[in-house]
Amino acid sequence: MGRHRLLGGAAAAALLFAPGAVWAQDANAALEARIAQLEAELNSLKAEVVAARTQQTTQSQAMAQDIIRLEARPAATPVSAPAPREEGFRIGDHTVRFGGFIKVDATASSYSGGDPANGDLLRDYHLPGSIPVGGAEEDAATDFNARQTRFWLTTDGLVGGHKVGTRLEMDFQSLPGTGDQRITSASTPALRRAFVTIDNWLIGQEWTNFQNTAVLPESADFVGAAEGTVFARQVQVRYTRGPFSIAVENPETTVTPFGGGARIIADDNSLPDLTARYAISRPWGDLQFAGLLRQLKYENPASAVDDTATGWGLSASAKLKVGAQDDLRFMLSGGEGVGRYLGLNFSNDAVLDASGELDAIGVIAGFAAYRHVWTPGWRSSLVWSAQRVDNDVLLTGTGANRSAQSIHANLIWSPVTAFDIGAELMFADRKLESGLDGDMTRLILFAKYGF
C-alpha cells in the first residue's frame with residue numbers, strides 16, 4: 001500500500017510540473033526567434049553602412065577627377081583673348097568650354113607713298129611689308145571693320161589615366177570674303193588654332209614653338225609690334241617637359257629671284273623645321289630662349305634650279321615686373337634663312353644667285369614695350385618695334401625690303417570686366433634698298449567684349 005502511495009505522489013508531481021516545462025520550451029523558442037531577428041536587422045544595417053561608404057568613396061574619387069581635369073586645362077590664351085568665366089559643361093569624360101570676343105575697329109590712316117587698294121590687308125592691320133612706297137600722298141582713309149572677332153572651343157578630360165585636351169579657334173581677319181564695303185562687308189572664317197594635347201604631347205596647328213606669345217605688347221592693332229616679333233601659326237608635333245619644349249613643324253621656304261622680283265613660295269621642303277624653347281619663371285618675371293634649325297629648298301625643273309641651304313635662328317624674350325602692376329616686355333631675334341618667321345615675312349628666307357643656288361638672307365628684329373597701369377581699369381602701352389635685313393643687293397636687287405620700324409602709344413579703359421575701349425596712335429615706315437621709303441600714320445579706335 002505504501003508503494004502505491006509513492007507512485008501516486010510521483011505521478012502527481014509530474015502532472016504538477018508539466019505546464020512549466022512546456023512554458024520553458026516556448027520561451028526558449030521565442031528567444032531564439034528574437035535573436036535571429038536582431039541578427040538579420042544587424043546584417044541589414046551593416047549592408048547599409050557598407051553601401052554608404054562605397055557611395056562616399058565614389059563621390060570622393062569623382063571630385064578628385066574633377067580637380068585633376070581643372071588642373072589639366074590648356075595653358076592661358078594670349079593676352080588679346082580674355083579667360084573664360086564659366087567652367088563649361090560635361091560631355092562624357094570631357095569638360096567643354098566656349099568663348100571668344102567681339103572686336104570692332106575704326107581706323108583713320110594716312111600713307112606718304114600711295115594709298116593701298118580696297119581689300120588690302122594693310123587697311124585692317126599693320127603689315128610692314130605692304131606700306132606703299134614711291135607713290136603720291138593722299139588724304140587720310142577711314143575704315144571700319146569687325147574682322148578681329150574671334151571664337152574658340154576647348155575640351156579637356158581624363159581618359160584612361162591620360163590628360164587629353166583639344167582647342168579649335170577661328171577668326172575673320174585674314175580672309176576678307178566675297179563681299180565688300182558697299183553692301184555686306186563680308187568676311188570668311190579662318191582657322192587659327194586646331195590641336196589635341198595628350199599628356200606632354202601637342203599635335204596640330206598652334207603658335208610656333210619658336211615664338212613667345214606671352215610677351216606680345218597689348219595693342220589695338222592685330223599684331224602690334226609686327227616688325228620685331230616672331231609670328232607664325234602652323235601644324236606641328238611638340239613635346240613639353242617642364243620648362244623645355246621641342247617640336248617638328250611644317251616647313252616652307254620663301255625665295256627672292258636672282259636680281260629681284262615677285263616672291264617665290266617654293267613649297268619644296270623635304271625636312272620639317274626643328275624648334276626648341278626653354279622657359280624660366282621667377283618672382284621678378286619670365287624669360288624664354290628659343291632656337292630654330294631648318295632646311296631651305298627650291299626646285300624648279302623649268303629653270304634647272306634644284307638647291308638646298310641651311311637656315312637657323314635664335315630668339316630671346318622676357319616680361320619683367322616693374323613695381324606692383326607695370327611691366328617691361330621685349331624680344332630680340334635673328335639668324336639666317338628665317339625671314340618668314342619674323343615681321344610677317346617682311347624679308348624672304350633666301351635669294352637665288354646667278355647659278356641657281358640658294359643664299360640665306362640674314363635678318364635681325366626686336367621690340368621693346370612698357371605697360372603702365374594708371375588706375376584700376378586704365379592702362380597704356382608704349383611700343384617700339386624694328387627689323388633690319390642684310391641683303392646682298394647684287395643678288396636681291398634694290399627693290400628688296402631693307403628695314404621697317406613702328407612706334408605705338410595707346411590708352412585702354414575697362415569700365416566692366418572683359419570690356420575694353422581704347423585708342424592707339426601708330427607711326428610706321430618701310431625702306432627699300434633703293435632708298436625709296438614710305439610711312440603710315442594711323443589712329444585706331446576700338447571696342448572689345450570677351451565672353
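My entries follow, topic by topic.

**Ground rules**

I worked on a predicted model, where local features need pLDDT of at least 70, side-chain atom pairs count only at pLDDT 80 or more, and totals for chains, interfaces and linings use all residues. Residues are numbered from 1 along each chain as its sequence is written, and side-chain values use heavy atoms, with hydrogens and water left out.

**Overall make-up**

I looked up the secondary structure and found 2 helices and 22 strands. Both are DSSP runs numbered from the N terminus: helices are H or I with at least four residues, strands are E with at least two. I then checked burial. Of the 451 residues, 41% count as buried. Buried means under 20% relative accessible area, exposed over 50%, and partly exposed in between, with a 1.4 Å probe and protein chains only. Next came contacts, meaning heavy atoms within 4.5 Å. Among contacts with a separation of 6 or more, 63% are between residues 24 or more positions apart.

**Strand pairing**

I counted two strands as paired if DSSP finds at least two bridges between them. In general, strands of a sheet pair through backbone hydrogen bonds, either parallel or antiparallel.

I followed strand 5 (residues 162-171) to strand 6 (residues 190-198): 8 bridges join them, and they run antiparallel. Thr166 has Val196 in strand 6 as its bridge partner. Strand 6 also runs antiparallel to strand 7, with 5 bridges. There I found Phe195 bridged to Gly204 in strand 7. The hairpin of strand 6 and strand 7 has 2 residues between the strands, and Asp199 takes a positive phi near 55 degrees in it.

I also traced an open sheet of 4 strands, in the order 11-10-16-17, with mixed pairing. Its edge strands are strand 11 (264-265) and strand 17 (358-360), each pairing on one side only. Thr256 is bridged to Val351 in strand 16.

**Salt bridges**

How many salt bridges does a search of the whole structure find? I got 19. The rule is a side-chain nitrogen of Lys or Arg within 4 Å of a carboxyl oxygen of Asp or Glu.

I looked at Asp105 and Lys103 and found their closest N and O atoms 2.5 Å apart, in a salt bridge. Both Asp105 and Lys103 are buried.

Arg123 and Asp115 form another salt bridge, with the closest N and O atoms 3.8 Å apart. Arg123 is buried at 11% relative accessible area, whereas Asp115 is partly exposed at 30%.

I then looked up Asp420 and Arg379, whose side chains meet in a salt bridge (3.3 Å, N to O). This pair links distant parts of the chain, 41 residues apart: Asp420 is in strand 21 (residues 419-432) and Arg379 in strand 19 (residues 378-390). Asp420 counts as buried because its relative accessibility is 12%. Arg379 is buried too, at 11%.

I also found one network, in which salt bridges with shared partners join Arg167, Glu169, Asp171, Arg192, Arg193 and Glu206.

I stopped at Asp156, in strand 4 (residues 150-159). Is Asp156 buried or exposed? I found Asp156 buried, with a relative accessible area of 1%. Its side chain makes a polar contact with the side chain of Arg97, at 2.4 Å. Such a contact is a pair of N or O atoms within 3.5 Å; within protein, one must be able to donate a hydrogen and the other to accept it, and residues adjacent in sequence count only if both atoms are side-chain atoms.

**Rings**

I counted 8 aromatic pairs. Rings of Phe, Tyr and Trp (its six-membered ring) pair if their centres lie within 6.5 Å; planes under 30 degrees apart are stacked, over 60 edge-to-face, the rest tilted. Trp201 and Tyr239 form a tilted pair, 4.9 Å centre to centre with 55 degrees between the planes. Trp201 lies in strand 7 (residues 201-207) and Tyr239 in strand 8 (residues 233-241), so the pair ties together parts 38 residues apart in sequence.

Last, I looked for charges over rings, with NZ of Lys or CZ of Arg within 6 Å of the ring centre and within 35 degrees of the ring normal. The charged end of Arg233 sits over the ring of Trp207, 4.8 Å from its centre. Lys448 lies over the face of Phe101, at 4.8 Å from the ring centre.
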